[in-house]
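Visitor: I'm new to this one. Can you put it up and walk me through a few spots?

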Amino acid sequence: MIGIVTNGLPFQYRFFAEEEFHYLYDDILHIRELHRYNLENYDTLILSCRLDIPHLKRYQSQLLSFIESGKRLIIFGEVIDNWFPTIDWEDSEVNFSWWVRDGGDLPMEEQNKTHPLFKYVTLRDMKWHYHGSFLPPVGAQSLLDIPEGRSLFYVDTVSFNGELVCTTLDPMFHIGLGFIDQSRPFLHGIAKWLREEE
């Protein structure tokens with residue numbers, strides 16, 4: 001059972017209207033009402049990008065209890081203001097135009113290529129831009145690095161009893177706004193991986 005958490009922004013409503021992604025989640029949970037849901041009913045919680053930080057902090061202990069109970073928590077987008085422990089986030093300048101420059105590139109490299117996610121996701125699917133990067137905890141698996149050695153996507157099975165999946169990529173935002181085509185195959189890849197793991 002997969003729940004996806006929203007804070008009801010317009011881009012999220014447009015994303016949820018996209019029928020092709022309905023198989024990604026079973027329920028939509030509003031962040032302002034998170035205390036009303038029984039999270040024991042879910043195996044995976046997806047936190048959509050650009051959720052409200054004060055509410056994420058308000059429900060930090062509930063989300064920690066969820067992942068400590070052996071469940072999977074997936075965080076998309078920036079993890080700012082230290083709202084979740086163990087996540088070392090660093091802001092970076094956003095390169096919005098590398099693809100329109102002659103010979104332009106956005107250097108990044110896949111890591112731990114035997115991870116099952118790579119059956120469904122390619123490097124191209126993950127390559128549009130990023131707003132920052134992570135320094136994963138020792139023992140966590142990075143799946144995508146920038147040249148400085150920091151991660152854009154990692155899986156942490158060592159810090160909690162459950163699994164933390166953390167990526168700076170923000171596909172729901174771009175699908176909801178209708179631009180950056182790579183975000184679609186990327187999110188389909190995530191969905192197929194999650195459903196395979198069920």
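Guide: Keep in mind that this is a predicted model. A place to begin is helix α3, residues 60–68, where Leu63, Phe66 and Ile67 are buried.

Visitor: Why do the buried residues of α3 line one face of the helix?

Guide: Looking down the axis of α3, the buried residues fall within an arc of 90 degrees, so they line one face. In general, an α-helix has 3.6 residues a turn, so residues three or four places apart point the same way.

Visitor: And what do the buried residues of α3 pack against?

Guide: Their partners are the helix α2 (53–58) and the strands β3 (44–47), β4 (72–76) and β10 (163–167).

Visitor: What follows α3?

Guide: Gly70 does, and its phi is positive, near 100 degrees.

Visitor: What about the phi of Asp81?

Guide: Asp81 has a positive phi too, about 60 degrees, although it is not a glycine. Most residues other than glycine have a negative phi. Asp81 sits in the loop between β4 and β5.

Visitor: And Asn82, where is that, and what is its phi?

Guide: Asn82 lies in the loop between β4 and β5. Its phi is positive, about 50 degrees, and Asn82 is not a glycine either.

Visitor: Is Asn82 buried or exposed?

Guide: Asn82 counts as exposed, because its relative accessibility is 65% and the cut-off for exposed is over 50%.

Visitor: Changing topic: which residues form a nonpolar patch on the surface?

Guide: Phe96, Trp99 and Val100 do, with about 350 Å² of accessible area together.

Visitor: Where is Phe96 found?

Guide: Phe96 is in the loop between β5 (89–91) and β6 (109–110). Phe96 counts as partly exposed, because its relative accessibility is 49%.

Key. Residues numbered from 1 in each chain as written. Predicted model: local features only at pLDDT ≥ 70, side-chain atom pairs only at ≥ 80, totals over all residues. Heavy atoms only, no water. Buried < 20%, exposed > 50% of the residue type's maximum accessible area, 1.4 Å probe, protein only. Helix = DSSP H or I, 4+ residues; strand = E, 2+ residues; numbered from the N terminus. Arc of directions from axis to C-beta. Contact = heavy atoms within 4.5 Å. Patch = residues over 30% accessible without salt bridge, like charges linked within 9 Å, V, L, I, M, F, W, Y side chains within 5 Å. Areas by Shrake-Rupley, 256 points an atom, 1.4 Å probe, with all protein chains shown as cover. Salt bridge = Lys/Arg side-chain N within 4 Å of Asp/Glu carboxyl O.
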